[in-house]
Amino acid sequence: MRKAAEISTAFADRAAIKGHSSFFLVGIGGAGMSALARMLKHRGLEVRGTDSTESEVTHALTAEGIDVRIGHSGDGLGAGEAVVLTDAIDLSSSPEVQRATLLGCPMFRRSQALGWVLEGHKVIAVTGTHGKTTTTGMLGSALREAGMDPLIVVGASVPAWGGPVVEGEGPWAVVEACEAYDSFQYLDPTMVVLTNLELDHVDFHGNYENLRASVVRFVEKADCLVYCSADEGAREVASLAGVTATEYAQEDFGGKPALPGLHNLLNAAGALIAATLAGADKDLARRGIQRFLGAERRLQILRENPKGITVVDDYAHHPSEVEASIDALRQKFPEQRLVVVFQPHLYSRTAGMIREFASALSKADFVAITDIYPAREEPMPGISSGLIAELITKPVFYYPSRHFLPEALYNIAKGGDVVVGMGAGNIGEFAPTFSRLIDAHERPGRKTKVLVVFGSDSAEREISIHSGRAVHKALLAKGYESRLLDLTELLMTGGNLRGLLGEERPDLAFLAVHGSNAEDGTTQGLLQTLHIPYTGSNLLASAVCMDKQMTKQILAAHGL
């Protein structure tokens with residue numbers, strides 16, 4: 001995320017990119033940055049980059065011949081390279097920024113590099129508060145079906161296209177243009193499609209008037225505007241911008257898109273009008289839109305089972321988007337219970353929309369909500385997901401840590417439920433993990449997984465080792481999937497905790513430990529923190545029982 005002062009001082013002019021043949025992309029694993037990496041490589045330029053974590057995207061880039069390093073260190077960055085940064089990179093702490101400054105390498109925003117790559121194309125820029133990704137995909141699909149072979153750049157991977165970019169050879173480029181941090185101002189559009197406009201990105205724009213003024217400035221760079229007449233914000237921009245404007249409404253599509261919901265019918269109508277203005281045959285364009293099955297994390301169905309649990313992944317992170325997504329799911333699954341697992345995105349967005357989020361989420365049948373994803377923001381005192389949960393009128397659970405959501409939801413969900421992970425932060429990990437968890441639990445012949453905890457660091461360690469091994473052997477003989485774990489050894493040697501988390505976590509821990517730091521609530525407390533059920537007394541009872549005198553007093557007080 002960017003501040004206005006950073007934008008004006010830290011980055012070189014877009015024109016300074018010309019002449020560079022080597023590019024170093026920081027945050028290369030994101031959808032937008034990976035698309036840019038592929039586009040630069042497609043044009044014969046040298047591309048390298050870094051990202052904080054491995055992912056399917058980084059593996060794919062490596063397989064395509066792009067050098068990707070995991071971890072931000074500044075190593076490998078050479079003099080003379082153009083350094084391109086995603087807006088999520090903090091300039092003050094980035095090792096790559098420090099290295100680039102030391103070497104005198106020019107730095108550019110991703111949107112600057114994108115604008116440079118698009119030079120020479122007739123650009124259709126799709127912008128708005130909601131629906132940019134889907135509308136861009138629909139419009140790109142329309143032009144492809146009409147034989148116009150466009151370059152398409154979407155803000156998320158499109159499974160049918162194998163990624164977020166399609167390298168067409170035609171004159172048109174269809175591009176998702178984000179209004180956050182004024183990033184779209186580096187594009188040179190021929191046509192702008194405006195889906196809608198609401199207050200958002202208050203951390204940068206401050207208020208609605210500033211946001212609207214930014215969109216008007218962008219629209220006025222184009223020859224024409226295509227806008228949604230049903231949206232007040234879009235109508236305002238159309239009235240203020242001095243360009244030719246064409247409106248669209250839901251009835252303009254004249255058909256039914258593959259994607260559910262009124263909002264997607266509006267997206268389809270906008271895409272169709274823009275495609276025909278660009279010269280596409282209307283019937284072919286409509287067919288292309290109807291064949292578009294969506295982008296990743298846009299009401300993406302990962303697992304569909306009418307009698308079991310259906311799992312959906314969705315990017316909605318604004319109250320209007322949450323409501324539209326829930327309405328669309330109601331349309332597609334009218335008889336099924338809808339369970340929404342939501343993570344708010346940004347403190348600044350959440351602070352002013354607590355009631356709106358609660359109202360939108362209350363349209364679901366059951367809500368699980370986790371802590372706010374802060375991105376680069378510092379926590380705001382008094383602002384938390386709990387405030388939203390308190391106002392939701394449907395059954396709701398607040399899980400401060402997202403890590404326990406898959407297991408918790410598996411215990412809550414019932415056959416026939418539709419469970420949707422929703423939000424723009426790392427909640428994107430939930431739906432795939434949850435889907436795999438269901439598959440693992442429902443695998444034919446699955447055995448109950450028991451973790452036998454033994455060892456510890458008490459004087460009775462040797463006894464614990466023998467009893468733990470005996471229990472482990474007995475469990476295997478009984479047909480359980482058993483695994484031994486010495487917690488003390490694991491924790492004191494910096495061991496990997498993966499066996500206690502995620503898809504590898506046990507169904508139950510059998511405690512074969514003895515003595516202090518074992519039977520006194522210490523081990524029990526750790527397992528409770530990890531939400532792993534265990535045998536024997538709970539934490540409090542274990543702690544009390546280690547004090548023999550206190551135990552006698554309590555028993556005597558109860559007549560025992």
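Contact means that heavy atoms lie within 4.5 Å of each other. The legends below apply this term to a predicted model.

Figure 1. Ser325 belongs to helix H12, which covers residues 319–332. Leaving out residues up to four places away in sequence, Ser325 touches Leu299, Asp314, Ala316 and Met422. Buried means under 20% relative accessible area. Ser325 has a relative accessibility of 5% and therefore counts as buried.

**Figure 2. The protein chain as a whole.** The secondary structure of the protein chain consists of 22 helices and 21 strands. Its radius of gyration is 27 Å, close to the 24 Å that the globule rule gives for 560 residues, so the chain is as compact as a globular protein of that length. Along its principal axes, the C-alpha trace spans about 90 × 60 × 45 Å. Buried residues make up 53% of the 560 in the protein chain. Among contacts with a separation of 6 or more, 69% join residues 24 or more positions apart. The protein chain exposes about 24,300 Å², of which carbon and sulfur atoms supply 52%. There are 52 positive and 67 negative side chains in the protein chain, and the centres of these two sets lie 5 Å apart.

**Figure 3. Aromatic pairs, with Tyr181 and Phe204 in view.** A pair of aromatic rings is described by the distance of the centres and the angle of the planes. The structure holds eight aromatic pairs. In one of them, Tyr181 and Phe204 have ring centres 5.7 Å apart and planes at 85°, so the pair is edge-to-face. With a relative accessibility of 7%, Tyr181 counts as buried.

Figure 4. Phe430 and Phe434 form a stacked aromatic pair, 5.2 Å from centre to centre and with 15° between the planes. Both residues lie in helix H17 (residues 430–441), where they are four residues apart, about one turn of the helix. Phe430 and Phe434 are both buried. Elsewhere in the structure, ring pairs link Phe366, Phe397 and Tyr399 into a cluster.

Figure 5. Val153 is placed in strand E7, which covers residues 151–158. Its relative accessible area is 1%, and Val153 is therefore buried. Apart from residues up to four places away in sequence, Val153 touches Ala35, Met39, Arg110, Leu114, Thr136, Pro164, Val165, Val174, Val175 and Glu176. From C-alpha to C-alpha, Val153 and Thr133 are 9.3 Å apart in space, and 20 residues separate them in sequence.

Figure 6. Val192 is a residue of strand E10. The relative accessible area of Val192 is 0%, so this residue is buried. When its neighbours within four places in sequence are set aside, Val192 is in contact with Ala125, Thr127, Phe218, Val219, Ala222, Cys224, Leu225 and Val226. One of these contacts, Thr127, is 65 residues from Val192 in sequence and 7.2 Å from it in space, C-alpha to C-alpha.

**Figure 7. Leu346, a loop residue with a positive phi.** Most residues other than glycine have a negative phi. Leu346 has a positive phi of about 80°, although it is not a glycine. Leu346 is located in the loop between strand E15 (338–342) and helix H13 (347–351). With a relative accessible area of 2%, Leu346 is buried.

**Figure 8. Ser456, in the loop between strand E19 and helix H18**. Strand E19 covers residues 449–454 and helix H18 covers residues 461–477. Ser456 is a residue other than glycine, and its phi is positive, near 70°. Ser456 counts as buried, at 4% relative accessibility.

Terms used:
Residues numbered from 1 in each chain as written. Heavy atoms only, no water. Helix = DSSP H or I, 4+ residues; strand = E, 2+ residues; numbered from the N terminus. Buried < 20%, exposed > 50% of the residue type's maximum accessible area, 1.4 Å probe, protein only. Rg over C-alpha atoms; globule rule 2.2 N^0.38 Å. Areas by Shrake-Rupley, 256 points an atom, 1.4 Å probe, with all protein chains shown as cover. Lys, Arg positive; Asp, Glu negative; His and termini not counted. Charge placed at Lys NZ, Arg CZ, Asp CG, Glu CD. Phe/Tyr/Trp six-rings, centres within 6.5 Å; stacked < 30°, edge-to-face > 60°.
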